[in-house]
Amino acid sequence: MADIRLEGVGHSYDGGRTWALRPTTWTWRGARAYALLGPSGCGKTTLLNIISGLLTPTVGRIWFDDREVTGVPTAGRNIAQVFQFPVLYEEMSVYDNLAFPLRNRRVPAEEVRRRVLRVSAMLGLDDVLRRKARRLDPGRKQIVSLGRGLVREQVAAVLLDEPLTVVDPALKWTLRSKLKEIHRDTGHTLVYVTHDQTEALTFADEVVVLNDGEIVQAGEPAELFLSPAHEFVGHFIGSPGMNVLPAEIVGGVVRIGRREVGTAVGTAVGTAVGPAVGPVAGELPPGPVRIGVRPEFVRVGGPSGGPGVDARVTGIDRMGSHDLVRAEVGGHPVIARTEAGSSWTPGTVEFLHFPADRTFLFRDAVRCGSLAPLDGRGQA
């Protein structure tokens with residue numbers, strides 16, 4: 001395992017006119033399991049291929065512990081990489097495919113057998129070990145490809161580029177659990193690329209969120225959900241994502257239209273790659289802001305008071321385990337997640353309560369503060 005350190009690493013495919021990966025300084029700590037999460041085209045695979053040596057960055061340097069590897073080819077980095085689609089020797093048996101990376105490194109035969117059987121048992125491949133790879137379905141082929149990446153014990157890191165894309169959905173939960181078991185047993189540094197928030201949040205010790213070629217926030221899954229530091233994180237994580245409403249600060253009070261919804265409290269917020277920045281408590285200047293609050297924390301109905309706003313109910317989605325109450329505030333949609341069987345009537349006006357500790361203010365997409373009760377009157 002190794003700490004993987006990026007120093008100002010960035011990559012452009014068009015000579016610097018645009019950046020697939022904006023210059024980034026970041027460290028992946030050894031023996032941790034990371035998920036690299038973001039939408040298609042945000043730079044996840046570019047970053048992974050730079051770490052593995054398949055791409056040389058346009059700018060910056062890469063270190064594995066105290067060894068600079070910026071110009072070192074993939075073969076010299078001691079990296080195991082699993083791609084989105086299976087990469088196998090079709091005429092070899094499953095056993096021989098798993099054994100190949102070890103035999104290629106002249107690992108003793110008995111040790112090869114021990115590692116192959118161990119990984120095979122963990123991934124549920126024992127019944128197909130002697131079958132040729134070409135006779136497997138695509139999902140099982142990818143599981144074998146995953147095993148080839150995990151069978152090596154002394155590697156700097158294991159890089160996984162959306163490895164469960166072609167795997168049957170029923171197997172994904174099981175395989176994610178197996179990956180966590182293998183990580184606990186081997187202590188490998190794992191970097192797992194995905195656009196699926198469920199995969200990221202259930203697998204990783206730490207989730208690194210990318211958007212438009214840059215890291216916008218990193219943290220434990222609960223931190224990203226409960227305390228998004230960037231609007232994109234609030235939108236991308238959660239189903240449905242965070243509600244966002246345009247507002248304005250006037251004299252320290254936050255308004256939506258003419259409605260005073262709470263007091264602005266400035267908060268210094270750390271970025272993904274640096275210390276806390278921005279205003280501190282009580283220093284939010286006047287001007288436009290955006291209010292962000294997750295559907296899970298919006299409470300519908302009851303007396304007005306505390307941070308919140310009147311809204312017109314537009315519909316209810318019955319989800320079985322819960323309801324999603326849809327509403328509208330000044331032409332902008334708001335969703336509240338409530339218990340199943342709610343009886344709100346479309347067309348009525350209800351007060352939406354925003355909890356002060358879970359309602360945030362954003363400027364230029366970055367969190368700058370939170371919402372508090374007006375002059376201490378009432379609580380959400």
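# A buried salt bridge and its surroundings

Arg 176 is buried, with a relative accessible area of 5%; here, buried means under 20% relative accessible area, exposed means over 50%, and partly exposed lies in between (1.4 Å probe, protein chains only). This is a predicted model, in which local features need pLDDT of at least 70 and side-chain atom pairs count only at pLDDT 80 or more, while totals for chains, interfaces and linings use all residues. Residues are numbered from 1 along each chain as its sequence is written, and side-chain values use heavy atoms, with hydrogens and water left out.

**Salt bridges**

- Let's stay with Arg 176, which forms a salt bridge with Glu 199, the closest N and O atoms being 3.9 Å apart; a salt bridge is a side-chain nitrogen of Lys or Arg within 4 Å of a carboxyl oxygen of Asp or Glu.
- Arg 176 belongs to helix α5 (residues 169-186) and Glu 199 to helix α6 (residues 197-203), so this pair ties together parts that are 23 residues apart in sequence. Helices (H or I, at least four residues) and strands (E, at least two) are DSSP runs, numbered from the N terminus.
- Glu 199 is buried too, with a relative accessible area of 5%.
- One network takes in Arg 5, Glu 7, Arg 61 and Glu 68, joined by salt bridges that share partners.
- Glu 111 and Arg 114 also form a salt bridge, with 2.6 Å between the closest N and O atoms. These two residues are three apart in helix α3 (residues 109-123), so about one helical turn separates them.
- Both ends of that pair are partly exposed: Glu 111 has 23% relative accessibility, and Arg 114 has a relative accessible area of 37%.
- Another salt bridge brings together the side chains of Arg 103 and Asp 96 (3.0 Å, N to O). Arg 103 is partly exposed at 44%, and Asp 96 is partly exposed at 25%.
- How many salt bridges does a search of the whole structure find? The search finds 20.

**Nonpolar cores**

- The largest nonpolar core has 48 residues, and those with the most contacts inside it are Leu 123, Val 207 and Val 209. A nonpolar core is a set of buried Ala, Val, Leu, Ile, Met, Phe, Trp, Tyr and Cys residues joined through side-chain atoms within 4.5 Å.
- A second, separate core has 29 residues, including Leu 48, Ile 51, Val 69 and Ala 156.
- Leaving aside neighbours within four places in sequence, Val 209 is in contact (heavy atoms within 4.5 Å) with residues including Leu 37, Leu 224, Phe 232 and Ile 237.

**A nonpolar patch on the surface**

- Leu 54, Phe 83 and Val 87 form this patch, with about 250 Å² of accessible area together. Accessible areas come from the Shrake-Rupley method with a 1.4 Å probe, and for residues only the protein chains shown count as cover.
- Patches are made of residues with over 30% relative accessible area and no salt bridge; like charges are joined within 9 Å, and nonpolar side chains (Val, Leu, Ile, Met, Phe, Trp, Tyr) within 5 Å.
- Leu 54 sits in the loop between α1 (44-52) and β4 (59-64), and is partly exposed at 47%.

**Paired strands**

- Strand β18 (residues 308-318) pairs with strand β21 (residues 349-353) in the antiparallel sense over five bridges; two strands pair if DSSP finds at least two bridges between them. Asp 310 has Phe 351 in β21 as its bridge partner.
- β18 also pairs with strand β19 (residues 322-329), in the antiparallel sense over six bridges. Here Arg 318 stands opposite Asp 323.
- In the hairpin of β18 and β19, three residues lie between the strands, and Gly 320 takes a positive phi near 95°.
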